Amino acid sequence: MTTQDMTPQSSTTDNTSIISAAFTALTETGDVDAVARVLTEDFAHHRPDGTSRTKAEWLAAVRGSLEHIDGMEVTVLHLLADGDQVMLHSRRRLPTGPEITVVDIMRFEDGLIAEAWELIEPTKEADAHLTWWA
């Protein structure tokens, strides 16, 4: 397929397929390399805590978390795409831990993930955050 053959619909479908395959490989088998292969070299990770911003930092954090998230159940609630952006909304639960709700937003560039934003909220605490200004 040439670049001129790619319609916005086909690239959107490709982007969701890339996310789905990489996320499945990571959560089912711990294959961090499946994710690493779909990131640009200058990938940027954005999160409110700012603990891992670069590709190397983020991949190291993911590898470091694998032993702690063994047995995690993941339910994908929404996988939405619009142009070069894909949003993954999921609920995740450890066998002995609380459930969290996660929203990942990824921006694609030339078929690879260039940026990601991640928001995590303990599901049980969601009601308390409805009036965060109080």
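Val103 has Leu119 of strand S5 as its bridge partner. This pair belongs to strand S4 (residues 99-109) and strand S5 (residues 112-122), which pair in the antiparallel sense over 10 bridges. Helices (H or I, at least four residues) and strands (E, at least two) are DSSP runs, numbered from the N terminus, and two strands pair if DSSP finds at least two bridges between them.

The model is a predicted one, in which local features need pLDDT of at least 70 and side-chain atom pairs count only at pLDDT 80 or more, while totals for chains, interfaces and linings use all residues. Residues are numbered from 1 along each chain as its sequence is written, and side-chain values use heavy atoms, with hydrogens and water left out. The pLDDT (the predictor's confidence in each residue, from 0 to 100) has a mean of 87 over the protein chain, and 93% of the residues reach 70 or more. Over residues 1-8 the pLDDT is below 50, and this stretch has 3 contacts in the model beyond near neighbours in sequence; a contact means heavy atoms within 4.5 Å.

The sheet as a whole can now be followed. Its 5 strands form an open sheet with mixed pairing, in the order S1-S5-S4-S3-S2. At the edges stand strand S1 (39-46) and strand S2 (73-82), each of which pairs on one side only. S2 and S3 are antiparallel and pair over 9 bridges, and Ala81 stands opposite Val86 in S3. The hairpin of S2 and S3 has 2 residues between the strands, and Gly83 takes a positive phi near 60 degrees there. S3 and S4 also run antiparallel, joined by 9 bridges, with Val102 in S4 as the bridge partner of Ser90. The hairpin formed by S3 and S4 has 5 residues between them.

The largest pocket holds about 860 Å³ of space. On a 1 Å grid over the protein atoms alone, a pocket is an open set of points where a 1.4 Å probe fits, with protein on both sides within 12 Å along at least five of seven lines; lining residues have an atom within 4 Å of a point. Grid points are joined across faces, edges and corners, and the volume is the space filled by probe spheres set on the points. Of the 38 lining residues, Leu26, Val62, Ile69, Arg92 and Glu118 are the closest to the centre of this pocket. Helix H1 (8-29), S1, helix H3 (55-65), strand S3 (85-93), S4 and S5 each give two or more residues to the lining, and H1 gives the largest share, 7 residues.
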